[in-house]
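Student: Could you walk me through how to read a few local features in a model like this one? Let's have it on screen first.

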Amino acid sequence: MASIPEYYAGKSVLITGATGFMGKVLVEKLLRSCPDVKALYILVRPKAGQSMKQRVSDMMKCKLFDRVREENPDFHQKIVPISSELTQPGLSISAADVERLTGCVNIVFHCAATIRFDEPLKHALQLNVIATQQLLSLAQQMHHLEAFIHISTAYANCNRRHIDEIIYPPPVEPKKLIESVEWMDDGIVRDITPRLIGDRPNTYTYTKALAECVVQQEQDKLNVGIIRPSIVGASWQEPFPGWIDNFNGPSGVFIAAGKGILRTMRANNDAVADLIPVDVVINLTLAAGWYTAVHRPKTALVYNCTTGGINPFHWGEIEHHVMSSFKRNPLEQAFRRPNANITSNYLINQYWILVSHKFPAFIYDLFLRLCGQKPQMMRIFNRLHKAIHLLEYFSSQDWEWNSENMSMLMGQLSPEDRKTFNFDVRQLNWPEYIENYCIGTKKYVLNEDMSDIPAARQHLRKLRNIRYTFNTLLVVFIWRVFIARSQMARNIWYFVVSLCFKFLSYFRASSTLTN
């Protein structure tokens, strides 16, 4: 049986979402580990005043491609951009490009999707469901297609506590829902969205469940596979540890904590934080593409790409390691010293939001106004609270994912392929991974230089001294205003202090006797 690199040799691959986080890693891994791949056709749309070619050129200049660039400086010649728009009929692919793709593509990786949790239902349907339908229609016209791999999410069925590697019945027939919302006003769709999504937390998980059903409906005509990653984070090993390029998901939370902006977050310390490194997802995706094409399973195989049931790590542990990492490798110009706390209690969380978020933001914005500058901290905190609120559903509870197909696929790989396309999360060292993740946000998201760490540490010491000074002044102020003017307050104060001294004396005496 051909190895994975041997299988992809001479193959033409179509990738959607190639300019996104996971898509870029997929393109890089294919070019580096399967150097004889014939061509990578990527669907790209003009964006923010940039042409399609400019977007692809900027993508290939990314540091992510440094290893490929060293090994093959002409790697860009294998990348063929195709103008496309997922929100348009036929994906807005020209007739000439359709003919080109249908005549040569051997395997399709469908990574494109909207990952915004609060996306309006109509738009989420268009990007996650209708675009998938249209891509499947295009795939059926491809004369040499061997596999169609769809990237879903492990939370597509988050309304269940135990999730097997099967495609569950959809909450509604996708075709009927699409026909219904087509004629509805956006306001009506917005009003009925909560009833439609039911016990799912957002339109993202809802539409991804519908997309899985759409893929399943074509399993008699195409060789299909579905990858369900959980919370995708920075790279574990490839192309180098800690690579990340966005603020999405945990990355934004880590950065906010490192900057000292985030001081509290509502989550369950004991709940499993099901992070999955992006390179693990991509290695599994490529292996699944190989297996689907070579073995041609009779039904669509689903791969739950998660860590919780195999190598669990909890939110409380993440909080500890993130804080420790940012104290060793601080971010530049932190607002306050990193010191975030996780709590599952709503009232305690609201108290700390008021004391540690809103009050300091108000004071800082007042200072900016007095200096003639535009206030900004309250706006930043409001955006942060909105983002954290969207994550609370996933950080406050546990799920159990079956991963038998993932284990089966690992057993099908040769020793060499298992090493090159490693997705065995049992080998993942969490403290080391979180350390690299935090450093990755500093280097690749914020573009900060590691040589500036001594200055950043000095800045943290300055913030510590400011805090100590403020606390001292606050105690003096409270003494002068409240305690010094009241005999009862002084009596209570002396009583508390005497109790503390008695406790310390008792503790010291007990220690002496023990010794």
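Student: Is asparagine 447 buried or exposed?

Tutor: Asparagine 447 comes out at 63%, so it's exposed. Keep in mind that this is a predicted model, where local features need pLDDT of at least 70, side-chain atom pairs count only at pLDDT 80 or more, and totals for chains, interfaces and linings use all residues. Numbering starts from 1 along each chain as its sequence is written, and side-chain values use heavy atoms, with hydrogens and water left out.

Student: What is phi of asparagine 447, and where does the residue lie?

Tutor: Phi is near 55°, a positive value in a residue other than glycine. Asparagine 447 lies in the loop between α17 and α18 (453-483); helices are DSSP runs of H or I with at least four residues, strands are E runs of at least two, and both are numbered from the N terminus.

Student: What about phi of serine 92?

Tutor: Serine 92 is not a glycine either, and its phi is positive, near 55°. You'll find serine 92 in the loop between β3 (79-83) and α5 (95-104). With a relative accessible area of 39%, serine 92 is partly exposed.

Student: Which peptide bond is cis?

Tutor: The one from glutamate 238 to proline 239, with omega near -10°. Proline 239 is in the loop between β8 (231-233) and α10.

How values were computed
Buried means under 20% relative accessible area, exposed over 50%, partly exposed in between (1.4 Å probe, protein chains only).
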